[in-house]
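Here is a short briefing on helix packing and the nonpolar core of one protein. Look over the fold before reading the points below.

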Amino acid sequence: MSSNNDPVIIPMLERKHNDLPGMDASNPNTLTEEAVLSFHNISYQETMQHGFSFCKKTCVIERLSNINGIMKPGLNAIMGPQDGSRSLLLDVLAARKDPRGLSGDILINGKPRPANFTCTSGYVPQNDVVMSTVTVRDNIEFSAALRLPMTMTRDEKRRRINEVLELLHLDKVSNAQPRSKELRKMTSIAMELVTEHPILFLDDPTTCLDLRTTTDVISVLKMMSRRGRTIIFSINQPPYSIFRLFDSLTLVASGKVMFHGPAQEALEYFKSAGYNYESHNNHADFFLGIINGGFSALLDTEEDGHDVEKDKELSERQHQVRENLANMYAQSSLYSKMRTELDPLLGEQMSGRSSALEITCVTPFWYQLGWIIHRSFKNIKGFPRIIIIKATITAIVAIILGTVFHVLRNDCTAVQGRAALLFLLTSFECITGMTTGELFVIDRDRFLHEHTSGYYRVSSYFLGKLLGELVPRRLLPSIIFTVIVFTITGVITDVKGLFTMIFTIMMLACCTSSVPLSLGAGENAAAVPTELITIYFMFMLLISGLSLYSVNLMRDLSWIKSLSIPHYGFIALQHNELVGQNFCPEHKTAEVSRCHNFVMCTGEEFLIIWDIDLSPWGFWENIVALTCIMIILLLITYVQLLVLKKKRYFKITLPFSLN
């Protein structure tokens, strides 16, 4: 018997699938048994547009044509030339492609794929989306926390994480950040293995990896397949030491299947068809050479009087070769044998077609929010040099500006000087706020992958990014700048006024940041020039700055106030700072009396001249305006994330939801 403090770690390869904690066989949305994936008459068409925007022409291209096959527990490899067919077939089977152009049936154990198939199967994209600013363990913990059921205890999740780390030989580097390509790839695989899904898809998992790491990756996948997992992956020209581990092989090119069956029978299949195999040839190179027209005992590829090096002719020859190979396979005994397995499966489900795809999460909203904020804080800590550099630059600028205002301070224009200082603070917040547009852009691919895989809802991700990254990134520079400038200039403010000022600054900072966010979260964010945002803020700041010297100007342009974010922040800061202030104390009576122009001794005099309401509502109306603008712009940002999600994966079929 083992105590709770000394848990026994059962090697993953020695356990049965149903013995794993957290696998609820009673849940119809959870795949708990060995999974056989079959696909019947799969075709996929894409609608392409070309030409100018006012006269675009559309054409339909068939990317996959009448593909049939079956993927059983084991290593199922998809190979082919680099024409996009192998990755496209993988993504279609994994439900990671827009289903508008898809026709045919994809079944799991003879039944339609679950509506939440992307959440109950693993998927490792070709371009790794792990967060490199946190450790390997942190990435895996994030996946385990949000994708494993809440019924699992923390110790059970930790035990499973340790098993995956040990299985992938990541235990010694678990506290390192995944910076290298090899470590990022292994971390991506670990994040999927920890969920124990029975089907795992991998898009070119060995791309850019050396032979040793490639061997490690495929060996681990082979071990997992022996436990009853269905591993489906695309791969490009593996060496024989890797190829011999495959259980099933699918050769696809130009959207058609050239071979589908046991991997070890592929060589004999092509040799029996008349293709000459030399012993020094690699199996994968041999197959791809046939598909590309490089090996042809049946077809005469050298015709007199033709230049075979011309691209057009070569393309035509390759197309003809692939058409013949596809027809040869369709007439082979392998195809007939495969059809005898597929037809009964298709007949069982004819009464009910697959339902619309949807995203389901196993954790509640607040739990997801907490983990997203937790990871966001760690992400910020992953850039210590950048944080130090930004804080240093902010402090230097604040010291320089504070010193200038201190030297130029004049008792005769104390009120105007204080207002100019507040305008400077407003300008700082607006300028720094324009740099936050990348908050959702840089994580776009990661968001799409994680949301589609069932990590979190869009709402929890949106709110978590705002609270975990936007607020800290804006709060620290704002406080540093404000405290340094006001300390050097000798501005004395009570505690209530100081906290009110910080609150106003944060409202202004968040509102200004919401402008680039609302333009930078969608699919076409790059098409929106940053200069438009810069022009808006520069124009509004110019109007607010000129208002310090011309009262009539602001009255003539009063209609601009409703559109000006800097105006609301500037007025709120003036109201908080100037109401109740006396700039002509008794000990400075002599200095004030020597002033040539009229001296405003109270803040109220200044505010009245500029038609600013002195009541508390004069402050709060500007805060309310900033809040309303911020909410509207953030809602636009949120809607763009929803539209982005629908466009990238589930156009039309996924119902519009605020989840």
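Helix α18 passes α20 in a right-handed crossing (right-handed if the near helix is turned clockwise from the far one by less than a right angle, left-handed if anticlockwise). Helices (H or I, at least four residues) and strands (E, at least two) are DSSP runs, numbered from the N terminus. This is a predicted model: local features need pLDDT of at least 70, side-chain atom pairs count only at pLDDT 80 or more, and totals for chains, interfaces and linings use all residues. Residues are numbered from 1 along each chain as its sequence is written, and side-chain values use heavy atoms, with hydrogens and water left out.

**α18 and α20**
- α18 spans residues 530–546 and α20 residues 565–578; they pack at about 40 degrees, with axes 8 Å apart.
- Axes are lines fitted to C-alpha atoms, for helices over the stretch in contact, and angles run from 0 to 180 degrees between N-to-C directions.
- That angle makes α18 oblique to α20 (under 35 degrees is roughly parallel, over 145 roughly antiparallel, 65 to 115 roughly perpendicular, the rest oblique).
- α18 brings Tyr536, Phe537, Met540, Leu541 and Ser544 to the contact; α20 brings Ile565, Pro566, His567 and Phe570.
- Contact means heavy atoms within 4.5 Å.
- By class, this contact of α18 with α20 has seven nonpolar, two polar and no charged residues.
- Ala, Val, Leu, Ile, Met, Phe, Trp, Tyr, Cys and Pro count as nonpolar, Asp, Glu, Lys and Arg as charged, and the others, Gly among them, as polar.

**α14 and α18**
- The axes of α14 (residues 414–433) and α18 come within 11 Å and cross at roughly 175 degrees.
- The two helices are therefore roughly antiparallel.
- Phe423, Thr426, Ser427, Cys430 and Ile431 of α14 meet Phe537, Met538, Leu541, Ser544 and Gly545 of α18.
- The contact of α14 with α18 divides into six nonpolar, four polar and no charged residues.

**Nonpolar core**
- The largest nonpolar core holds 156 residues (buried Ala, Val, Leu, Ile, Met, Phe, Trp, Tyr and Cys residues joined through side-chain atoms within 4.5 Å).
- Leu37, Phe201, Phe246, Leu249 and Phe270 have the most contacts inside this core.
- α23 gives the most to this core, with 10 residues.

**Overall**
- The protein has 23 helices and 10 strands.
- Of its 659 residues, 52% count as buried (under 20% relative accessible area; exposed is over 50%, partly exposed in between, with a 1.4 Å probe and protein chains only).
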